[in-house]
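Here is a short note for someone opening this structure for the first time. The points below can be read in order.

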Amino acid sequence: MKYKSIHIIIFSIVLLGNTLLSQCLPHYNKEVQFVRIEGKRIAYQEKGKGTAVLFLHGLGGNMSHWMNNVPELSKKYRTITLDLPGYGMSDAAFIENTSNTLEIYAKLISDFLQKMKIKDAFFVGHSMGGQLSMLFAAQYPNQCKGLILLAPAGIETFTTQEASLLKGFATPSYYAKQDSSTIRNNFRKNFFAFPQQAEILIKDRVQLIACADQLNAYAQTVSAGVAGMLGRPVLGMSNQIQQPMLVVFAENDELIPNKSLHPTLNLQQLIQVVQQHWSSSQIIQVKNAGHMLAFEQPQEINQLITSFIQTNTSIHQNKNNKK
């Protein structure tokens, strides 16, 4: 009886541990696959067949930010969404020099595509994911067919003093100490009209408050992401980025441009910067959408993505036929 009681206690502890762990996982945890790159597990979802389209989420996000886009687009394309290191279900990456965060992510994505036997892909990047997509296109041009950038970071530039202020503000402790009310308010700033469906995103983030290890890794990752974005503005790479490019801005974006540091900078001025550096790029503004425009206006964004891929796939095929 004594040994039986011990076994029951051990089983109960294991069961409790598994329950607590499951409470720390994002809602899509049973739908992901994993690939190991440089010793780190990277979580991803792959759906559909045909032309490969890789989706890169923004700062603080994860693959579920594309939940309103992939179901429709996967009917036409081979869609791949992933959690960047330290987000969602992916292992955190140890980053010594946080100004190199995006380079580390770009190298990982290059290795990921090779491991998945994907020669090249169209990139759809949101915010930080847009900036990362541009960096990737510059550094690994043969693996990128084209860029679809949604409210991309990296185009708005910051002085050394402004960058120092942002990094001093965006510390790991700042993100780790956020309560549920702060998290909810921050999420709402991403939308023009908050969709009820976004509640699941808030729930995933709020539950990290009770998960010390995951919260600590997440907070460090977001802080490193801020430093990485500030460390690699993309305007200096304009000559290296030759892929076709679609840039989509949201007319009601409260986050880009930065209203605290650049109160007089408006969206039209950012558009002029894009036109100046990438004169052949296609630029579109989406109405009734905030920073998370793909989540808020999925039908319009899906149509833009489809049209861009169809057009540039045809152009690519025609060039190959002429050769």
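1. A residue counts as buried when its relative accessible area is under 20%. By that cut-off, six of the six residues of strand 5 are buried, so strand 5 is largely enclosed by the rest of the structure. Keep in mind that this is a predicted model.

2. Which way do the residues of strand 5 point? Ala 121, Phe 123 and Gly 125 face one way. Phe 122, Val 124 and His 126 face the other way. All of them are buried.

3. Now the whole chain. The protein chain has twelve helices and eight strands. Of its 323 residues, 50% count as buried. Take the contacts between residues at least 6 apart in sequence: 76% of them join residues at least 24 apart.

4. Eight strands form an open sheet with mixed pairing, in the order 1-2-4-3-5-6-7-8. Strand 1 (33–37) and strand 8 (282–286) stand at the edges. Each has a single partner strand, so one side of each is left without a neighbour in the sheet. On average, neighbouring strands of this sheet are turned by 25° against each other, direction ignored.

5. Strand 5 has a parallel partner in strand 3, joined to it by four bridges. There, Val 53 stands opposite Phe 122 of strand 5. Strand 5 also pairs with strand 6, again in the parallel sense, over six bridges. In that pairing, Leu 147 of strand 6 is the bridge partner of Phe 123.

6. Strand 2 (residues 40–47) and strand 4 (residues 78–82) run antiparallel, joined by four bridges. Gln 45 has Thr 81 of strand 4 as its bridge partner. A helix also packs on the sheet: helix 4 (residues 128–139). Helix 4 touches strand 3 (52–56), strand 5 (121–126), strand 6 (144–150) and strand 7 (245–250). The direction of helix 4 makes about 145° with that of strand 5.

7. Look at Arg 78, which is found in strand 4. What does Arg 78 contact, leaving aside its neighbours within four places in sequence? The contacts are Glu 46, Lys 47, Gly 48, Lys 49, Gly 50, Thr 51, Ala 52, Val 53, Met 116 and Ile 118. Arg 78 and Ala 121 are 43 residues apart along the chain, with their C-alpha atoms separated by 9.4 Å.

8. The largest nonpolar core has 58 residues. Those touching the most other members are Leu 54, Leu 84, Ile 109, Phe 112, Phe 123, Leu 147 and Ile 241. Beyond its neighbours within four places in sequence, Leu 147 has contacts including Phe 123, Ser 133, Met 134, Ala 137 and Phe 308. A second, separate core has 24 residues, among them Phe 122, Val 124, Ala 250 and Ile 301.

9. Finally, a helix pair. Two packed helices are described by the angle between their axes and the distance between the axes. For helix 7 (residues 180–188) and helix 8 (residues 199–206), the axes come within 10 Å and cross at roughly 145°. The crossing is right-handed. Helix 7 contributes Ser 180, Ile 183, Arg 184, Phe 187 and Arg 188 to the contact. Helix 8 contributes Glu 199, Leu 201, Ile 202, Arg 205 and Val 206. By class, the contact has five nonpolar, one polar and four charged residues.

How values were computed. Residues are numbered from 1 along each chain as its sequence is written. This is a predicted model: local features need pLDDT of at least 70, side-chain atom pairs count only at pLDDT 80 or more; totals for chains, interfaces and linings use all residues. Side-chain values use heavy atoms; hydrogens and water are left out. Two strands pair if DSSP finds at least two bridges between them. Helices (H or I, at least four residues) and strands (E, at least two) are DSSP runs, numbered from the N terminus. Axes are lines fitted to C-alpha atoms, for helices over the stretch in contact, and angles run from 0 to 180 degrees between N-to-C directions. Contact means heavy atoms within 4.5 Å. A crossing is left-handed if the near helix is turned anticlockwise from the far one by less than a right angle, and right-handed if clockwise. Ala, Val, Leu, Ile, Met, Phe, Trp, Tyr, Cys and Pro count as nonpolar, Asp, Glu, Lys and Arg as charged, and the others, Gly among them, as polar. A nonpolar core is a set of buried Ala, Val, Leu, Ile, Met, Phe, Trp, Tyr and Cys residues joined through side-chain atoms within 4.5 Å. Buried means under 20% relative accessible area, exposed over 50%, partly exposed in between (1.4 Å probe, protein chains only).
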